[in-house]
Each structure stands twice: as structure tokens, then as C-alpha cells.
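Biologist: I would like to learn how to read a few features from a set of coordinates. Please give the general idea, then the case at hand.

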Amino acid sequence: MDLGDHAAVRQALDAFEAPRKAHTARQSQHAYAFGQVFHHAPRALRPIRDAILDRTPLMQKVVGTDAEGGQ
């Protein structure tokens, strides 16, 4: 590719970026939601939250599925 051809470079960058936008948005939404769960859970619910996260594959399923490009 001729790097001096700004239109071709822009087209290549857009083609690279387009399929990643949905994945990135999903990752950001998950990060926000889990941040709320981890950092803003009421004190009375924290032991339940911790038990669920420590004893279930919830996090591995969410991270693993998205990291592998799944649904």
C-alpha cells in the first residue's frame, strides 16, 4: 500500500476498525457493570457477591467468550 495515498490508508484503517467497534463497546459495558458490582455493592450483599464470583465460572465465561470473539 502506498502510505502517501491518504484515501487508501483511511479505507484500510476503517476496515480494520469497523469489526472491532462492537467488541470494544461490549467490553466497556461489561467493565462498567462489573465495576458497579465489585465496588458499589451494599455491605450486606458483599458476602453473596463474593461467594458467587469465587465459586462459579461466571467471570471466566464472560471474559472467555468475549476474548475469543464469541457471542
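This is a predicted model: local features need pLDDT of at least 70, side-chain atom pairs count only at pLDDT 80 or more; totals for chains, interfaces and linings use all residues.

Biologist: How many helices and strands are in the chain?

Modeller: Helices (H or I, at least four residues) and strands (E, at least two) are DSSP runs, numbered from the N terminus. Here the chain has three helices and zero strands, giving the pattern α-α-α along the sequence.

Biologist: What share of the residues counts as buried?

Modeller: Buried means under 20% relative accessible area, exposed over 50%, and partly exposed in between (1.4 Å probe, protein chains only). Of the 71 residues of the chain, 10% are buried.

Biologist: How many salt bridges does a search of the whole structure find?

Modeller: A salt bridge is a side-chain nitrogen of Lys or Arg within 4 Å of a carboxyl oxygen of Asp or Glu. The search of the whole structure gives two. Arg10 pairs with Asp14, with the closest N and O atoms 3.2 Å apart. These two residues are four apart in helix H1 (residues 6-40), so about one helical turn separates them.

Biologist: Which residues form the other bridge?

Modeller: Arg49 and Asp50, at 2.8 Å from N to O. Arg49 is buried at 15% relative accessible area, whereas Asp50 is partly exposed at 33%.

Biologist: And how exposed are Arg10 and Asp14?

Modeller: Arg10 is partly exposed at 46% relative accessibility, and Asp14 is partly exposed at 35%.

Key
Residues are numbered from 1 along each chain as its sequence is written. Side-chain values use heavy atoms; hydrogens and water are left out.
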